[in-house]
Amino acid sequence: MNSGRCAACKHLRRRCPSDCVFSPYFPANNPRRFAYVHKIYGASNVGKILLDLPVNRRAEAADSLYYEAYCRIKDPVYGCVGLITILHQQIHNAQCQLARIQAEIGALSTQSQSEVQQFQQVENVGPSFLPDQNGVPNSTSFYDLSTWFD
Amino acid sequence: MSSSSSYNSPCAACKFLRRKCIPGCIFAPYFPPEEPQKFANVHKIFGASNVTKLLNELLPHQREDAVNSLAYEAEARVRDPVYGCVGAISFLQRQVERLQKELDAANADLIRFACNDIQAAGQLPPPAAPQAVASTHMVPAQQPRPAGGWGGRFYQTPSFPVIPYSSMPWNDNYNPHGGVDGSI
């Protein structure tokens, strides 16, 4: 009977029993999914891995096995380990960039603080030159502003 | 690499398989007898005959790296039978995403600082605007993703797509009935 077989049993050319361990995760409409997994791991290894897991974890396991098989077929030398290496490198590069930007922000922050302080020194001198509320000049902080208006 | 098939003890593979380790044994250079667990893991997950086929499809100079990556994957799968290496990939991708956001925020701060500096300078000559460092923007991959309902954006890698954590099948997007993309 051909109809109703999962992709695994079709690939293996066998009857698909009602309690087939593969059928929930390798549906007939996706034959390549099982083909990849079978090529890399073999049906019996996949079956053993799935059977060793509780039923509620098998879907995730089947998906991750498929993804690793896919990666290995695409890159027979490194498989998904190549991807791990690339991700590590990306993380390292991003961390270096972040450190550089933060250092630059730190430098700018220091520079702007010192400029603000200089500006405030000039401002502080200005108002104190002006008379206080009673109109009495504040002679203790007299500052010659004439140079500002040259 | 070590070869143990001639006079010395058999390689770890032949010991495990209880067979004679012949000269030219394909496993001997990569599975020394001092590392029995390496072959045990590889055999458990991939099987000896699948490994033989994989190695035979590669050039000799590629085989050591291939065996080491297979051993790595096998060990990851033994430690984590559900996710294997994919768990590590998912974790690293989240780190990359997090760092990308931090970089974007830091770049925005840098630009804001530069603008504030110019405004605050007033009559002072504006400082030279710092160059905002280009963040490591990951370009979505052009390659098709594996079938299985994994949607979402991908980070570009030289040879295969990366699965973002938010689109892993064990989240809401899971669909084992996803169509085949025919990319391979």
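Trainee: Which residues have the most contacts inside the largest nonpolar core?

Mentor: Phe22(A), Phe26(A), Tyr41(A), Leu50(A), Phe27(B) and Phe46(B), in a core of 55 residues. A nonpolar core here is a set of buried Ala, Val, Leu, Ile, Met, Phe, Trp, Tyr and Cys residues joined through side-chain atoms within 4.5 Å, and buried means under 20% relative accessible area (1.4 Å probe, protein chains only). Keep in mind that this is a predicted model, where local features need pLDDT of at least 70 and side-chain atom pairs count only at pLDDT 80 or more. Residues are numbered from 1 along each chain, and chains are lettered from A in the order written.

Trainee: Which element gives the largest share of that core?

Mentor: α4(A), with seven residues. Helices are DSSP runs (H or I, at least four residues), numbered from the N terminus.

Trainee: And what does Phe46(B) touch, leaving aside neighbours within four places in sequence?

Mentor: Its contacts (heavy atoms within 4.5 Å) include Ile40(A), Tyr41(A) and Asn45(A), plus Leu70(B).

Trainee: Switching to α2 of chain A, which residues are buried there?

Mentor: Arg33(A), Phe34(A), Tyr36(A), Val37(A), Ile40(A) and Tyr41(A).

Trainee: What covers them?

Mentor: The cover includes α1, α3 and α4 of chain A, together with α2, α3 and α4 of chain B.

Trainee: How many helices does chain B have?

Mentor: Five, with zero strands.

Methods: Heavy atoms only, no water. Buried < 20%, exposed > 50% of the residue type's maximum accessible area, 1.4 Å probe, protein only. Helix = DSSP H or I, 4+ residues; strand = E, 2+ residues; numbered from the N terminus.
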